[in-house]
Amino acid sequence: MSHSRRRDPSRTREQRDGGRTTPSVADVHEAAAALSEHVVRTPVLHSPELDAWAGLSVRAKAEALQRTGSFKVRGALNKVRTLGAAERGRGLITVSAGNAALGAAYAAKVYGAALTVVMPATAVREKREAVAELGAHVVTEGIRDAAAAFDRAAELQADGGLVFLHPFDDPMVIAGAATATLELLQDCPDLTRLYVPCSGGGLLAGAAIAARAAGADIELVAVQPVGSASLARSLEAGTPLRRQRVETVVDGLTAPAPGELNLRMIAAADVRVRTVTDDATLAAVAALARRSRLIAEPAGAAALAGARADVEDGLGAGGPVGVLVSGSNVSWQLLAELLVGRPGGAN
């Protein structure tokens, strides 16, 4: 199911299906080709020191070094490029705690569209400021969490006739996100397991289809904070179940529930779910900085925390494992505290 930019069949599919059509392997390959001029093919890092810390042979896909500091720009660019000129001209709106907002702001700038971003008031200050610097209009007042942000965005979309850019539950966003895993598997075809941070599920759904695109036989492990874990319950129920209370310092993994399309794709991929504590994730942030010289935000380090937690539980991998270091937009104050010995960062 490949696309032509001129005929823009992705829009036709979404109009038929309400935007819920599962992206194909061809969509992922097309996205990889189309995005090559706008995104960085990020390196895969291997550090014996990090291996020793994790207890595994780790290959870290450094999306922390991506434009805007996260993988999210891949999906945003892929979505915005498939919109028609009239849709872009109406203006765009999205919801994000930071990284999806940055990706959308960059994509809107590339394609000349106005963008409104609804962010929780608790979003990391550095992320809010970076979104505004890219030219987006940021709305935070009265937005206490991700669920409230989605509600507010729906109101603004209806009032202004704006086009909604879903931060994770959209076929073109998923296909764009999948290109990160596709690159990793091309560079490291011998991986036996892949750890993926999961919130709304776009990166994980993308990883599942990218593994199919690469012909890889690999175990996929979804990693979520204990205080923001909704995937396992949603998989068991067969429908997205919203977590009523989110309690975690991992601000990039706070979607109240997985997306509907993402959940279907994840369920079909036989993914294992792994939860990690905030302390374990903060320790992984410090380990990446000290042992690989890679700056990661807590969400970006969650996959590594999941790999180490598996080792502590006696789950070997039988070969090298991949971890998606999904972003680097960390609070500088938090990073400084971790590196000078805050509990959870001393390893």
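Q: What volume does the largest pocket have, and what makes a space count as a pocket?
A: The largest pocket of this predicted model has a volume of about 470 Å³, the space filled by probe spheres set on grid points joined across faces, edges and corners. It is called a pocket because it is an open set of points on a 1 Å grid over the protein atoms alone, with protein on both sides within 12 Å along at least five of seven lines. Local features need pLDDT of at least 70, side-chain atom pairs count only at pLDDT 80 or more, and totals for chains, interfaces and linings use all residues. Residues are numbered from 1 along each chain as its sequence is written, and side-chain values use heavy atoms, without hydrogens and water.

Q: Which residues that line the largest pocket are the closest to its centre?
A: Lining residues have an atom within 4 Å of a point. There are 20 of them, and Arg144, Asp145, Ala146, Val246 and Thr254 are the closest to the centre.

Q: Why is Cys188 called buried?
A: Buried means under 20% relative accessible area (1.4 Å probe, protein chains only). Cys188 has 9%, so it is buried. Cys198, with 1%, is therefore buried as well.

Q: How many disulfides does the structure hold?
A: The structure holds 0 disulfides, a disulfide being a pair of cysteine sulfur atoms within 2.5 Å.

Q: How do you know that strands β3 and β6 pair?
A: Pairing requires at least two bridges found by DSSP. Strand β3 (residues 92-95) is joined to β6 by 3 bridges, so the two strands pair. Within β6, Val163 is the bridge partner of Leu92.

Note on methods:
On a 1 Å grid over the protein atoms alone, a cavity is a set of points where a 1.4 Å probe fits but cannot get out, and a pocket is an open set with protein on both sides within 12 Å along at least five of seven lines; lining residues have an atom within 4 Å of a point. Buried means under 20% relative accessible area, exposed over 50%, partly exposed in between (1.4 Å probe, protein chains only). Helices (H or I, at least four residues) and strands (E, at least two) are DSSP runs, numbered from the N terminus.
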